[in-house]
Amino acid sequence: MTHLNLEDQFQAKIDAETKIEPKDWMPEAYRKTLIRQISQHAHSEIVGMLPEGNWITRAPSLRRKLILLAKVQDEAGHGLYLYSAAETLGANRDELVQQLLTGKAKYSSIFNYPTTSWADIGAIGWLVDGAAIMNQVMLTRASYGPYARAMVRICKEESFHQRQGYEIMMTMAKGSPAQKQMAQDALNRWWWPSLMMFGPKDDDSAHSEQSMKWKIKRKSNDELRQQFVDVTVPQAEYLGLTIPDPDLQWNEDRGHYDFGEINWEEFWNVVKGNGPCNRQRIQARVKAYEDGAWVREAAVAYAEKKDQRKLVSPKAQAEAA
Amino acid sequence: MKKDWPLWEVFIRSKSGLSHKHVGSLHATDEVMAIENARDVYTRRNEGVSIWVVESKYITASDPDDSDPFFEPAKDKVYRHPTFYDVPDEIKHM
Ligand SMILES: [Fe+2]
Ligand SMILES: [Fe+2]
């Protein structure tokens, strides 16, 4: 009988595509990586509600308003599925939230850009949710069971997000010249930040290699980015809009689109907290947390009072019910 | 004073005739809030006709580190499966 140490046994399980479940033995680094990644993902869903929430009261029709409300509500749900998944690894919900509020934890930089026109809501659904889907479809096969299962649920809900965004873009691109110009302007502003969503280039990505070995990720940042460009270019062409990249060109040999260099200085700048809305986003989350404190406390007090009553007289309770 | 809300596990029956299945967890102060939150978090698209919630601390689970010996007794009893038995070709239905 060959003797494998725990770490080798763990890797053998991963290699054999056996999912890891919460109570299974796992290397501390695997646990830490997952808690970091899943909680960042959860924070992104929560902060991601802010740029779109900005337009709920100003949606151009009741239909659009209902759809946008439902979409933003889904994002709240995504945040909750993911926080729960992180908790199966031993993380504490309140600590995770504190990490977001104090700026210790990161979230997707895309949400630090402002939504200045209604067309941005179209561009976000189409491009930002589109890019997120590419990443999340890959994560449905992540090696950690609760994360993969949360992703399956999320992916089912995401496809409507992208379609409603594309529908807004179609309506505007086919509308008046001013509306088409708004759609083009939104594409101009959201294109590059969307490509940045896939993270740094493979050569500069600190965690990628180990995450691939652990099958948390199955595709590299650059692979996913290429995949996104390849499927999105024809969608932009259909809209009659121009992607703001003079280097964008079909490469027959590679069977992929070539595209220009991302402004990495801007990328790192936003990651470090200096994007257009970083402070505003965190302030909004802190305000929501503080304004909600009395509700959380009242709910606890109410539950405790009810428990007290049960202790005093279970029979009286039963009769009152 | 701050107090963490307890964690609840959520089980949903997707339609009559099927069992409840574990879908995830959430925090709530009591069982009423747990059921209502479960509805809002896990059934926004008619995913269920019935919800069970149970506080996570009340779940007892078998030990995964022990699962090999624990499930061992069932492993060598192939005769519990119908495929263990040869049925002659002449017998059409059995
Ligand atoms: Fe989402
Ligand atoms: Fe989404």
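## Aromatic pairs in chain B

B:F70 is partly exposed, with 49% relative accessible area; this class lies between buried, under 20%, and exposed, over 50% (1.4 Å probe, protein chains only). B:F71 is also partly exposed, at 47%. This is a predicted model, in which local features need pLDDT of at least 70 and side-chain atom pairs count only at pLDDT 80 or more, while totals for chains, interfaces and linings use all residues. Residues are numbered from 1 along each chain as its sequence is written, chains are lettered from A and ligands numbered from 1 in the order in which they are written, and side-chain values use heavy atoms, with hydrogens and water left out.

Over all chains, a search of the whole structure finds 15 aromatic pairs. Rings of Phe, Tyr and Trp (its six-membered ring) pair if their centres lie within 6.5 Å; planes under 30 degrees apart are stacked, over 60 edge-to-face, and the rest tilted. B:F70 and B:F71 make an edge-to-face pair, because their ring centres are 5.0 Å apart and their planes stand at 85°. The rings of B:Y79 and B:F84 have centres 6.3 Å apart and planes at 75°, so this pair too is edge-to-face. Both of its members are partly exposed: B:Y79 at 41% relative accessibility and B:F84 at 44%.

## Aromatic cluster in chain A

In chain A, one aromatic cluster is formed by A:F10, A:W25, A:Y30 and A:W214.

## Extent of the interface

Chain A and chain B bury about 1,800 Å² between them, 46% of it on carbon and sulfur atoms. Buried area is the accessible area (1.4 Å probe) that two parts lose on being put together, summed over both. A:Y81, A:R153 and A:V300 supply 21% of the area that chain A buries against chain B, more than any other three residues. The contact (heavy atoms within 4.5 Å) takes 26 residues from chain A and 21 residues from chain B.

Five salt bridges are counted between chain A and chain B, each a side-chain nitrogen of Lys or Arg within 4 Å of a carboxyl oxygen of Asp or Glu. One of them joins B:D30 to A:K306, with the closest N and O atoms 2.8 Å apart.

## Make-up of the chain A side

Helices of chain A that each supply at least two residues to the side touching chain B are α4 (62-87), α5 (93-101), α7 (145-173) and α13 (293-312). Helices here are DSSP runs (H or I, at least four residues), numbered from the N terminus. α13(A) gives the most to this side, with nine residues.
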